[in-house]
Amino acid sequence: MTATPLLAALTARAEAKAHPRSPRPHRCPCPAGTLADRPDATVVRHADTVAKAHASTTTPTDLAPRLATAAHHPDLLLPPLTGTPVPLHGRLVTFWPYGTPVDPDDPDAAPWEEAATLLARLHRTPATRGLPPMRGPAKAAQAVARLRAATPPPTATAPILRAWSTLPAWASAEAPMPDTTTLCHGDLHLGQLVRHPAPDGPWRLIDVDDLGVGVPAWDLARPAAWYACGLLPPEEWTRFLHAYRAAHGPAVPGDGDPWPALDVPARALTVQTAARAVTKAVAEGRVLDEVEQCLVDACARMGSVPPQLPSSFSK
């Protein structure tokens, strides 16, 4: 958990940003609260303003072009309220408008088509000059490193590390990605979409921390991995894939088997998710739950079958 001084200071900054002309202190009836409190991000809301403290490793050099990209494409990405981050307790802080998130208790209303269409449009958008590589492979490598440091039982670790070892170097952040021009989100899941303006505006992508240039199939990899592991119903995966293709997304061919393009990123995301699950279980002193064991089992299957490699196709 984040230290109390940062959370308290961030909450005060959000309130000040939401009410720049109000005297301090004052009693405020506005909706407010902590939206996330993790080592890599602390996020608070006050009224229609959201303040985010980025990870301590985030640099202005990397964050600036990501903020500029969001500001330049408000039809795809939620734009920041200000383009320059401010320092706070050793972290960089940015301010954003509040948007209505996906309702986790209403899976039938999950915006799979909207997410896929936004991704396709993002992937076809020219990247901002100076944008760094998207951070997907680096985050997967970090998850594996934390798994090794946690020293879990070999029965859980071995399948994950074996699957990891079969991946090409770019997917494990040991070599540059083969695509260095395509604009990617880097960490796509349904929690990365909000409606703006709230409560029922159009869907927009949020969280620019992993935004960058790279292999666009990475952005389809999490739902692809969930589908392959049996955690995402086939009909929802089909909706997502069809919508992406209908919007002329370049990550997969327009028809035929998409899996050669998706296999390596989907394997990497499966390894990342399994590694995080096992590391968390070790920290909490418990056995894996059913979903977590499903991920480890998927890694065991992957370790015995070499990954498919994509053939070239016209974007």
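Val93 counts as buried because its relative accessibility is 1%, where buried means under 20% relative accessible area, exposed over 50% and partly exposed in between, with a 1.4 Å probe and protein chains only. This residue is placed in strand 5, residues 91-97; strands (E, at least two residues) and helices (H or I, at least four residues) are DSSP runs, numbered from the N terminus. The model is a predicted one, in which local features need pLDDT of at least 70 and side-chain atom pairs count only at pLDDT 80 or more, while totals for chains, interfaces and linings use all residues. Residues are numbered from 1 along each chain as its sequence is written, and side-chain values use heavy atoms, with hydrogens and water left out.

If neighbours within four places in sequence are set aside, Val93 is in contact (heavy atoms within 4.5 Å) with Leu10, Ala51, Lys52, Ala53, Pro85, Val86 and Leu88. Ala55 stands 38 residues from Val93 along the chain, and the C-alpha atoms of the two are separated by 9.5 Å. Ala53, one of the contacts of Val93, also belongs to a separate core of ten residues, which includes Leu6, Ala9 and Ala14 as well. A nonpolar core is here a set of buried Ala, Val, Leu, Ile, Met, Phe, Trp, Tyr and Cys residues joined through side-chain atoms within 4.5 Å.

The largest nonpolar core has 81 residues, and Ile160 and Leu193 are those with the most contacts inside it. Helix 8, residues 259-284, supplies the largest share of this core, with eleven residues. Around Ile160, once the neighbours within four places in sequence are left aside, the contacts are Leu147, Val271, Ala274, Ala275, Val278, Val296 and Cys299.

From the cores the reader may turn to the loops and their backbone. Ala47 lies in the loop between strand 2 (41-46) and strand 3 (49-54), and although this residue is not a glycine, its phi is positive, at about 55°. Ala47 counts as buried because its relative accessibility is 12%. A positive phi, near 60°, is also found in His248, again a residue other than glycine, which sits in the loop between helix 7 (234-246) and helix 8. His248 is exposed, with a relative accessible area of 56%.

The loop between strand 8 (193-195) and strand 9 (203-205) holds Pro197, and Pro199 is found in this loop between strand 8 and strand 9 as well. The peptide bond that leads from His196 to Pro197 is cis, with omega near 0°, and a cis peptide bond also joins Ala198 and Pro199, with omega at about 10°.

Pro74 belongs to the loop between helix 2 (60-72) and strand 4 (86-88), and it counts as partly exposed because its relative accessibility is 39%. Not counting residues up to four places away in sequence, Pro74 touches Pro79 and Arg204. Arg204 is 130 residues from Pro74 in sequence, yet the two are 8.0 Å apart in space, C-alpha to C-alpha.

Leu241, in helix 7, is buried, with a relative accessible area of 7%. Apart from residues up to four places away in sequence, Leu241 touches Val252 and Pro258. Between Leu241 and Ala9, which are 232 residues apart along the chain, the C-alpha atoms are separated by 42 Å.

What, finally, can be said of the chain as a whole? The protein chain contains nine helices and ten strands, and its C-alpha atoms fill a box of roughly 65 × 45 × 40 Å, taken along the principal axes. With 315 residues, a compact globule would have a radius of gyration near 20 Å, and the protein chain agrees with this because it has 20 Å; the radius is taken over C-alpha atoms, and the globule rule is 2.2 Å times the number of residues to the power 0.38. Buried residues make up 50% of the 315 residues. Of the contacts between residues at least 6 apart in sequence, 73% join residues at least 24 apart. The accessible surface, from the Shrake-Rupley method with a 1.4 Å probe, comes to about 14,800 Å², and 58% of it belongs to carbon and sulfur atoms.
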